[in-house]
Amino acid sequence: MQNERAHLARLLRAGRKILLFTGAGISTGSGIPDFRGPDGVWKKRQPVYYHDFMRSEAARVEHWDYKLEAWAAFRDAQPNATHHSIVRLEQAGKLLAVVTQNIDGLHARAGTSAERLVELHGSNRLVECQTCGKLTEPGPHFEYFRRTREAPLCECGGYLKPATISFGQNLRNEDLERAENAAKEADLVVALGSTLSVYPAANIPMVAAARGAPYVVINRGPTEHDGLAEVTLRLEGDIGEIFPPAVAAALEPGE
Ligand SMILES: [Zn+2]
């Protein structure tokens, strides 16, 4: 394990265009529930599909009700040592991009800059009009929904929805393109806290690895990429215990 951690620190030290691919496992330390884990919300609720949301007020109310349940946790969650260590890599000029599956907005809250951040599955920190695309703060919309139990509307008349990608809704082309472009340029790719089982997102690190960039997978529990020839290094365990110290070691002056 010590050798593996030293190997990780060496790769981070050598990296000049590091691509980080992050999933739910980096945010559990911030109190964000893991939607796909054993206690995940999908064990007790049926997801609302996008086409139902657009067609049915009952579906919109169900979606807003589900989002309201988790809203306080998302609003109050704070970035943890892993998010902060990623910001340190950016400040050191070593970070090419962060591509995240997380919708908690914690990378942005920690200080990762918008031009280096791709939130593939959207963000709970904003609400988006499905007609005019206007983005607004969630707080007042949740207040309105709590009071009226009606799905909030945009001033243009369009349906408002938390700015996350719903089931049955395509990822944004612009986001996928930015993520793919980063994967084509990266000289190191590290997957943090993802089971790498949700596509097309999980393909992003493979694009970099297929070009020959070293590929590190850090997760607690198995991932879909375990055992692939492209994986240079696989670390098992708590991200918050593994990654921030490796970043600190990599950024120490001298060799
Ligand atoms: Zn609108």
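Leaving aside its neighbours within four places in sequence, which residues is R220 in contact with? The answer is E236, G237 and D238, where contact means heavy atoms within 4.5 Å. R220 sits in the loop between strand 8 and strand 9; helices (H or I, at least four residues) and strands (E, at least two) are DSSP runs, numbered from the N terminus. The C-alpha atoms of R220 and E236 are separated by 5.3 Å, although the two are 16 residues apart along the chain. R220 is exposed, because its relative accessible area is 57%. On this scale buried means under 20% relative accessible area, exposed over 50%, and partly exposed in between (1.4 Å probe, protein chains only).

Before going further, a word on what you are looking at. This is a predicted model, in which local features need pLDDT of at least 70 and side-chain atom pairs count only at pLDDT 80 or more, while totals for chains, interfaces and linings use all residues. Residues are numbered from 1 along each chain as its sequence is written, and side-chain values use heavy atoms, with hydrogens and water left out.

Let us turn to the metal. The zinc ion has as its protein donors the SG atoms of C129, C132, C154 and C156, lying 2.3 Å from it. Donors here are N, O and S atoms within 2.8 Å of the metal (3.2 Å for Na, K and Ca); water is not among the atoms, so sites may look incomplete. Along the sequence, the donor residues follow the spacing C-x2-C-x21-C-x1-C. The arrangement is tetrahedral because the 4 donor atoms subtend angles of 104 to 119° around the zinc ion. Four donors count as tetrahedral if all angles lie between 85 and 135 degrees. For four tetrahedral donors, the ideal angle at a metal is 109.5 degrees.

Next comes the interior. In soluble globular proteins, nonpolar side chains tend to be buried together. The largest nonpolar core has 27 residues, of which L19, F21, V99, L120, I204 and Y215 touch the most other members. Strand 1 (18-22), strand 2 (95-100), helix 7 (173-185), strand 7 (188-192), helix 8 (203-210) and strand 8 (215-219) each supply at least two residues of this core. A nonpolar core is a set of buried Ala, Val, Leu, Ile, Met, Phe, Trp, Tyr and Cys residues joined through side-chain atoms within 4.5 Å. Not counting residues up to four places away in sequence, L19 touches A97, V99, A182, A183, A186, L188, V189, V190, I204 and A208. There is also a second, separate core of 24 residues, which includes L89, V190, L192 and V216.

V190 is worth a visit of its own. This residue is found in strand 7 and, at 0% relative accessibility, counts as buried. Leaving out residues up to four places away in sequence, V190 touches L12, L19, L20, F21, V216, I218 and F243. The C-alpha atoms of V190 and P205 are 7.6 Å from each other, with the two residues 15 apart along the chain.

Now look at a pair of helices. Helix 3 (residues 57-76) packs with helix 6 (residues 138-148) at an angle of about 115°, and their axes are 10 Å apart. Axes are lines fitted to C-alpha atoms, for helices over the stretch in contact, and angles run from 0 to 180 degrees between N-to-C directions. On the helix 3 side, the contact is made by V61, W64, D65, K67, L68 and W71; helix 6 brings P138, G139, H141, F142, F145 and R146.

Our last stop is the backbone. Most residues other than glycine have a negative phi, and most peptide bonds are trans. In the loop between strand 7 and helix 8 you will find L196, which has a positive phi of about 55° although it is not a glycine. L196 counts as buried, at 0% relative accessibility. P200 belongs to the loop between strand 7 and helix 8 too, and the peptide bond from Y199 to P200 is cis, with omega near 10°. H225, in the loop between strand 8 and strand 9 (233-236), is buried at 2% relative accessibility. Among the residues that H225 touches are L196 and Y199.

How values were computed
Tetrahedral: all angles 85-135°; square planar, octahedral: opposite > 155°, others 65-115°.
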